[in-house]
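Try each task before you read its solution.

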Amino acid sequence: MMYKTHLFFAFLVSIILYHFLNLNPVLIVFVLASSFIPDLDHQNSKIGRKFKTTSFLMNKIFSHRGFFHSILLPIIMYFVFAFILDRKDIALAIFLGISSHLFLDLLTVEGISLFAPFSNKRINGFIKTNSLTEKIIFLVILLITVLFLFQDLSFDFFQFFSSFF
């Protein structure tokens, strides 16, 4: 999937959690940022172009859609932030951001090795990256996000933005 699809899907997950679980709005930034982490192993990805050396090394060590696209990554990140750094709120946000990325990439033709490095068996779907199907899915995600944001009781913009200041 393309970065914008990952970004808007992570945002949709964030605002739903903000509403139903009273997620601190500042944590939405962590969900959004962490939704790019799995593509750190791809040098041509949005994050890979920003961190070229790291991306090159991660690609050589793990290959694209290997460990960084496995369920092990969000679990490890959760445990590091929750139990070593004692930040369960950030741990949950990062877990959700990475997991949202993995969920969308499961739907692609390329698929992911969900249990790498223990198994290289790929789980894949039907969506070709940057295809018309993905663009339609992006528009649906965008529409649901906009509808959710503009529902009367679902999202309080004043409360959201005032939490940053």
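## Exercise 1: A buried arginine and its partner

To start, arginine 65 counts as buried, since its relative accessibility is 7%. Keep in mind throughout that this is a predicted model.

**Task.** Find which side chain meets arginine 65 in a salt bridge, and work out which parts of the chain the pair ties together.

**Solution.** 

Step 1. Look for the partner: the side chain of arginine 65 forms a salt bridge with that of aspartate 105, at 3.6 Å from N to O. The cut-off for a salt bridge is 4 Å, so the pair qualifies.

Step 2. Arginine 65 sits in the loop between helix H4 (52–62) and helix H5 (72–84), while aspartate 105 belongs to helix H6 (residues 88–106), so the bridge ties together parts that are 40 residues apart in sequence.

Step 3. Check the partner's surroundings. Aspartate 105 has a relative accessible area of 0%, so aspartate 105 is buried. Leaving aside residues up to four places away in sequence, aspartate 105 touches Met1, His6, Asp39, Arg65, His69, Gly111 and Ile112.

## Exercise 2: The other salt bridge

**Task.** How many salt bridges does the structure hold? Decide whether arginine 87 is buried, partly exposed or exposed.

**Solution.** 

Step 1. Count them: there are two salt bridges in the structure. Besides the pair of arginine 65 and aspartate 105, the side chains of arginine 87 and aspartate 89 meet at 2.8 Å, N to O.

Step 2. Read the accessibility. Arginine 87 has a relative accessible area of 38%, and aspartate 89 has 30%.

Step 3. Apply the limits. Buried means under 20% and exposed means over 50%, with partly exposed in between. Arginine 87 is therefore partly exposed, and aspartate 89 is partly exposed too.

## Exercise 3: Helix H1 and two of its contacts

**Task.** Describe how H1 is oriented towards H2 and towards H6. Then sort the residues of each contact by class.

**Solution.** 

Step 1. Begin with H2. The axes of helix H1 (residues 3–21) and helix H2 (residues 27–34) come within 9 Å and cross at roughly 150°. That angle makes H1 roughly antiparallel to H2, and the crossing is right-handed.

Step 2. List who meets whom. From H1 come Leu7, Ala10, Phe11, Ser14, Ile15 and Tyr18, and from H2 come Ile28, Val31 and Leu32. Sorted by class, this contact has eight nonpolar residues, one polar and no charged ones.

Step 3. Turn to H6. H1 and H6 pack with their axes 9 Å apart, at an angle of about 130°. The crossing of H1 and H6 is right-handed.

Step 4. List this contact as well. Thr5, His6, Phe9, Ala10, Val13 and Leu17 in H1 meet Leu96, Ser100, His101, Phe103, Leu104 and Asp105 in H6. The classes here are seven nonpolar, four polar and one charged. Asp105, listed in this contact, also takes part in the salt bridge with arginine 65.

## Exercise 4: H5 against H6

**Task.** What is the orientation of H5 and H6 to each other, and which residues meet between them?

**Solution.** 

Step 1. Read the geometry: the two axes come within 7 Å, crossing at roughly 170°. H5 and H6 are therefore roughly antiparallel to each other.

Step 2. Collect the residues. H5 contributes Leu73, Pro74, Ile75, Met77, Tyr78, Phe81, Ala82 and Phe83, which meet Lys88, Ile90, Ala91, Leu92, Ile94, Phe95, Ile98, Ser99 and Leu102 in H6.

Step 3. Sort them: the contact has 15 nonpolar residues, one polar and one charged.

Methods. Residues are numbered from 1 along each chain as its sequence is written. This is a predicted model: local features need pLDDT of at least 70, side-chain atom pairs count only at pLDDT 80 or more; totals for chains, interfaces and linings use all residues. Side-chain values use heavy atoms; hydrogens and water are left out. Helices (H or I, at least four residues) and strands (E, at least two) are DSSP runs, numbered from the N terminus. Buried means under 20% relative accessible area, exposed over 50%, partly exposed in between (1.4 Å probe, protein chains only). Contact means heavy atoms within 4.5 Å. Axes are lines fitted to C-alpha atoms, for helices over the stretch in contact, and angles run from 0 to 180 degrees between N-to-C directions. Angles under 35 degrees count as roughly parallel, over 145 as roughly antiparallel, 65 to 115 as roughly perpendicular and the rest as oblique. A crossing is left-handed if the near helix is turned anticlockwise from the far one by less than a right angle, and right-handed if clockwise. Ala, Val, Leu, Ile, Met, Phe, Trp, Tyr, Cys and Pro count as nonpolar, Asp, Glu, Lys and Arg as charged, and the others, Gly among them, as polar.
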